[in-house]
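Dear colleague,

Please find below the structure that I am handing over to you.

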Amino acid sequence: MKSNKCIILLVVLMMTIAAVASAQGWLTRAAVQVANPGYKKAVLPPELHRAPEDVGTLSNLDLALVGPDGKFRAYDMFMRTAGRAETMDVAAEKVTLLDDRRILWEGALNPDLLYSSIRVALNGGNFTGKADFEALAGETWQVLATGTALMPQNGETAAEIRFPEAKFARVRCYFTGFDEYFKQTPVFVQSVIMTGRKSGSDFEYRVLTPEFEQSEIEQGVETRVFLPGSGLRIESVEVQTSAQFKGDWQIGREEIKLGRREFVQIAGGSNQAIAGEEKTLVISYPHVWGNRALLLRMKSDSYFGRIELIRVKVMLPSIQFVADQPGQYALETGHKRENRVLGEPVEDKSAASEIIVFEKSEENISLQAESILKTFTPKGAPFNADGYRWQAGFKVPAAGFFQLVTNEKISLDQTPAALRIVKDGFQIPYFLGGRELRELEIKADEEYEQTGNRTIFIIRLPEKLKKPTALKFKARGIFTRKLKFEKHEFGQISWQYWREANWVNKTDSESEFQLSLADFPEDQKEIRLIVEHGSNQKLEIAAFKGLYPAFDLFFVAGEAGDYRLLGGKAAAVAPVYDLAMIERKLSELAPEKIRLESIEFIASGTSSASAEPVIEQGAPFSDGGYSWVATFSAPATGFYQLALNLKAALDSNPDGIRLVRNGQQVPYFPGQTSAAAIDLKFTSEYSRENNTTVINIELPAASKQWNNIEFTAGGVFSRTLTLEIRKPGKLGWKTFATSTWKNSTDSAGTHRITLNGLPEGETELRLSIPHGDNSPMQITSVKGLYSSRTLLFLANEPGEYHVYGGNPSAKAPRYDLAMISDSLLTREPHKIQLGEPASHSGASQVKKQVEEAFSDRGWGIYAILGLVTAILLVLIVRLFPEEKKAEAATDTKPEDKE
């Protein structure tokens, strides 16, 4: 007996625990107080929509009905009730034989039913006839059909008509019979049967105004719409913007792939016409949405501002259940009790049901976070801080799901793969949010040129950060402007053309221009913008912003406390965490946003880097063989562009030029070569006898750098020109080049003759112009065209510098500065001019060669050693014949004795 009591007590305890669990284990809940038992019907609130975790079909919802005793109850969910069709006999209230021998039959109908057909049957099958039908709707009789044939059917004469479903109060039938000779005859009505049904409940619609967050993406915005539930049946999405939207739109959801939250497109479309309500985009999307977050992307090449309001029209199902006892009934989500939403109920109890309304729903946030923490262990692998350059702290107030909002210093860090969230020496797994563009302050120096009526902006990108994705700026008013953007070109100086664009605003509202920097060089930090105003007033452009791709970090914190974000390790690779298992759970939660504290650098990870690269001085300089020197001064340290004078530009060996300070070469690299011109001295001699003009020309210097000689003359003419140079020894002239010059207008024209291949040392030229039978033409000017280049160098100190040239045997220098020439050219150099050259008589070539010969790498010492060896050999040879003579004399003495 005692054991049975224990068993009964255990069962009661288990039932109590089950009831408590069912009452507390919900995620979303709404209750209603029921006074009387019976059928109940209510519209399901949007907050109580929850798609099952493992979505098999979007027609199901995770929903449970809990009774007053804490136990689950059965229920039905359906979208509408159509009502059931029934056939009924209509009693005749009036039957009259009309004067035209027709029978008028009239009866009353139930005005609450919807009627759709009439069937009449007449006694007898030996005749035919016709029938006309009318019905009373309100106070008006409507014709349903006329001339309907009455035909024999199964031993009786009958007819049936169908018509659009409607409510009627009375019905009239006019019958006309014909005998076998088609003479009109009376008929007898047997029955009038009508088909009708009770009207059901139609679809229930609600217009929601959910909260949303928007972020900028390239050429548009991405908006995260927070729906009150998942599994909602959406009819349309209405978006109001600050200006009319015209462009492409996409509806999508978020997925976590490889540790990153990505946009997955579900639907898309285009709005290419301005129609409907002003500044409103209406997207028709009749689908079930399985997530609580809906992503909307809108892209346009026209300004449409920010999103001001979003409306979502949804279709809500109804719920029908039987209340078996009075008390509180509650609808709860999160119990994993999956139920299907039907199109119509299996049995419509609308007539017997009491309409009830559930109270405002509540959300069990703590249980949602707790369930995630039970499923997922938020502590990753041990963390090693070696090599990390910076860290930023932040505080987590409690366990839960968080979104760590990053700033531009972190999003534009050069090593994004190195980011780690750390607590107590362990990594905290995270995933990156969807890519969005955030604004970054951009400095722009403005200069207005009144003479040309144009504005020039020097846009400065942030230093020590990766370049932004795009730039944007704003202006107001009705205008059209051509924007010219310039950049620094590698191997060239100053500003070079990059891109042009037209900016048009046809309304007086604010307009925004966005410039993509996708193909802008990574290492350049300045852009020049030129705005030509034409004949219009100056356009005020302001609010320069940079758009950079930002990725917030989403993570689950197991406990409150101090956390750190570390980064800056160049060798680190992106982490891979096991977050896929809780992807759908996290999508149901709205994360709490937290922000970083100030960034501090870690001593072990910092590396010193000076603002300017350290450039070594060149080799010692020897002035032997150089024939001229020119001087200039650098007022301060920095990057310079030295413009050469005429003598330096025409140096026959430009590669031999040296830049010198304090006896040391200063490394340089040549800038872009440009064309230059100089007026040449000339005299004109006219021979009346031969009708020929001879132009004597003197070049200021003999050089290989001459490109062309250019002549100017006016009038209409055609002449054959012969350019001559001196013969060797100046014994007359010889032809260098011939050319034909035609000028078809009376205005002044120019003609060029190339000087390529001009012999070295030539400074005298002669141009012969035979006029034939025409009047003489007059040469008004002669120009020499040559190639000129600049020298670009880094001055490590201010002071006086020297340029040496005129050495035909000097070879081109090879400086280490050339390795960083491209990075130097991204900056604007200070421009200076080389002074006038002076003759220079430095060390002679013989002295220079002797010095080089007896240097540590020269050949002089070896020449002397060779000479000494030769002298010794000569001495030996001279001594060797004496020894031979002595030996010969010794050999001949015995013969003399004989």
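Is Glu160 buried, partly exposed or exposed? In this predicted model, Glu160 is partly exposed, its relative accessible area being 45%. Its side chain meets that of Arg162 in a salt bridge, with 3.6 Å from N to O. Arg162 has a relative accessibility of 65% and therefore counts as exposed, since the cut-off for that class is over 50%.

The structure as a whole contains 41 salt bridges. Two further pairs may be described individually.

One of them joins Glu486 to Lys484, where the closest N and O atoms lie 3.6 Å apart. Glu486 is buried, with a relative accessible area of 6%, whereas Lys484 is partly exposed at 29%.

The other is formed by Asp679 and Lys783, whose closest N and O atoms are 2.6 Å apart. This pair links distant parts of the chain, as the two residues are 104 residues apart. Asp679 belongs to strand E54, which covers residues 674-679, and Lys783 belongs to strand E62, which covers residues 779-788. With a relative accessible area of 54%, Asp679 is exposed; Lys783, at 27%, is partly exposed.

Finally, I would draw your attention to a network of salt bridges. Glu93, Glu106 and Glu134 are linked in it with Arg170 and Arg172.

Yours sincerely,
A colleague

Conventions:
Residues are numbered from 1 along each chain as its sequence is written. This is a predicted model: local features need pLDDT of at least 70, side-chain atom pairs count only at pLDDT 80 or more; totals for chains, interfaces and linings use all residues. Side-chain values use heavy atoms; hydrogens and water are left out. A salt bridge is a side-chain nitrogen of Lys or Arg within 4 Å of a carboxyl oxygen of Asp or Glu. Buried means under 20% relative accessible area, exposed over 50%, partly exposed in between (1.4 Å probe, protein chains only). Helices (H or I, at least four residues) and strands (E, at least two) are DSSP runs, numbered from the N terminus.
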